[in-house]
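Here is a short report on one protein model. Please look at the sequence and the structure before reading on.

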Amino acid sequence: MPETPDRLATYRSRRDPSITTEPAAEPPTDSGDGPIFVVQEHHASSLHWDLRLEHHGVLVSWAVPKGLPPAPGVERLAVHTEDHPLSYAHFEGEIPAGEYGGGWVRITDTGPVTITSWTESSVEFTLEGSVLAGRHLLHRGRGEKPGHWALRRRDPPTDPDYEPMPAELAPMLAVTGKPPSTPGWTYEVKWDGYRALAQIIGGRVRLSSRSGKDITASAPGLAALGDALAGHEVLLDGELVTFGPDGRPDFGLLQQRMGAPARSRARTKGRGQATVTYLIFDLLHLDGRSCLRLPHAERRQLLEALELSGPAWAVPGQLAGTVSEVMDAVRAQGLEGVMAKRSTSVYQPGCRSEQWRKLVNLRKQDVVIGGWQTGEGRRADGIGSLLLGVRGDDDALRYVGNVGTGFTERALGELHAMLEPLRRKDSPFSGAVPTARARTARWVAPELVGEVEFATWTGDGMLRQPRWRGLKDD
Ligand code: MN
């Protein structure tokens, strides 16, 4: 590279030395014992790692959004940025918000570098740091956007056992029922939400559903989990939940959050709208090591050592006690149930395993809507509760009670709009409906099917403590 008269002009023009604590743009100098490199983790508006190589008295610099490639075969984008003064290799700290590159900077590693070749379009070098080592190639591809280079590793990683993150993985599933009768099981709350795997590479989070669909956009609060795990490669397993005003997971609210387009999510954000929280319960991959073959107890230890806790994520603790004690505790809190996991069990992707068991408190039931009753107060014009029926073997629709909880205001509005066109004069139920109910009921054709959860059947065949879960898709 030909030397220009002032290689630090751009560096200088972007910084106000009276505001930033970054090193001044002193004249190009020589570090003495041969060239050095530095990699700095930079939490600017977009997280990246700055790779800087000493060349002709300055630090020639690239911003690498996902960090240095961990293994050969992995190519990372590197965006060429302005030359930095040599003293920048020691810089750590906070660049004031609003300034160029505002955010904090931490040195990942620094040390000697051997430059084997340096041309206009490629730089081949070997890092000799304490963390970062090995031969690398920076290459400017033809036809790429200006400033876009590719960074590749040339020799095998220093870690010969490095395993890449699996691209696709289906979560392990549990069987229902059968409380364990042997020792060696651990218990967790069974959360009522959406199962999701979170892959974190280079500070970027990718969330995928049970079926492998990318659902990253539905939980924007989780982007910060990437910053929290910057510098790690991690695959997490957990449940996305939304907590209702009563502090319990509310599946209806979650559906509303996950289903809403990004624009309406942004609009409702500031209005105390519940956010999506990721409750993490397993660790499947950590920094070039698969954890799948480790026993569950060891995976939990590794997970807990990551100390993940943030505004939109947590690692809930395990429950202490016997199976009946933990079931009682969970029931008392009104939670759905308990997950029992065998401490020695390995993770079997996509497998419904006897080693994981869900012990559910609440039962679920498909119900047919046969009518509604108006509510009181805010619900006076709309639905206060739904009259529910269950079809018997003879196809007769038997009234099984009313459900008046578990709805969001929005769900009630939508139901009202769907039920109004189904209005009819007479009861769709075969058999009697209690007079007090029948007198004020608005009957509908029995076409809509939903799901309730409930504690138990009463002696006379009614749902006890039913709670609305939502309409069935079909
Ligand atoms: Mn930077």
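## Basis of the model

This is a predicted model, in which local features need pLDDT of at least 70 and side-chain atom pairs count only at pLDDT 80 or more, while totals for chains, interfaces and linings use all residues. Residues are numbered from 1 along each chain as its sequence is written, and side-chain values use heavy atoms, with hydrogens and water left out.

## The manganese site

The manganese ion has as protein donors His 42 (ND1), His 48 (NE2) and Asp 50 (OD), at 2.1 to 2.2 Å. Donors are N, O and S atoms within 2.8 Å of the metal (3.2 Å for Na, K and Ca); water is not among the atoms, so sites may look incomplete. Along the chain, the donors are spaced as H-x5-H-x1-D.

His 48 is part of strand E2. Strands (E, at least two residues) and helices (H or I, at least four) are DSSP runs numbered from the N terminus. His 48 has a relative accessible area of 14% and is buried; Asp 50, at 5%, is also buried. Buried means under 20% relative accessible area, exposed over 50%, and partly exposed in between (1.4 Å probe, protein chains only). The side chains of His 48 and Asp 50 make a polar contact at 3.1 Å. Such a contact is a pair of N or O atoms within 3.5 Å; within protein, one must be able to donate a hydrogen and the other to accept it, and residues adjacent in sequence count only if both atoms are side-chain atoms.

## The nonpolar cores

A nonpolar core is a set of buried Ala, Val, Leu, Ile, Met, Phe, Trp, Tyr and Cys residues joined through side-chain atoms within 4.5 Å. The largest has 33 residues, and Leu 53, Trp 62, Phe 125 and Leu 138 have the most contacts inside it. Among the elements that give two or more residues to this core are strands E1 (36-43), E2 (47-55) and E3 (58-64). E3 gives the most, with 5 residues. Apart from this core lies another of 27 residues, including Val 205 and Trp 313.

## Helix H7

In helix H7 (residues 409-419), Leu 412, Leu 415 and Leu 419 are buried. Viewed down the axis of H7, the buried residues fall within an arc of 65°, so they line one face of the helix. The arc is that of the directions from the helix axis to the C-beta atoms.
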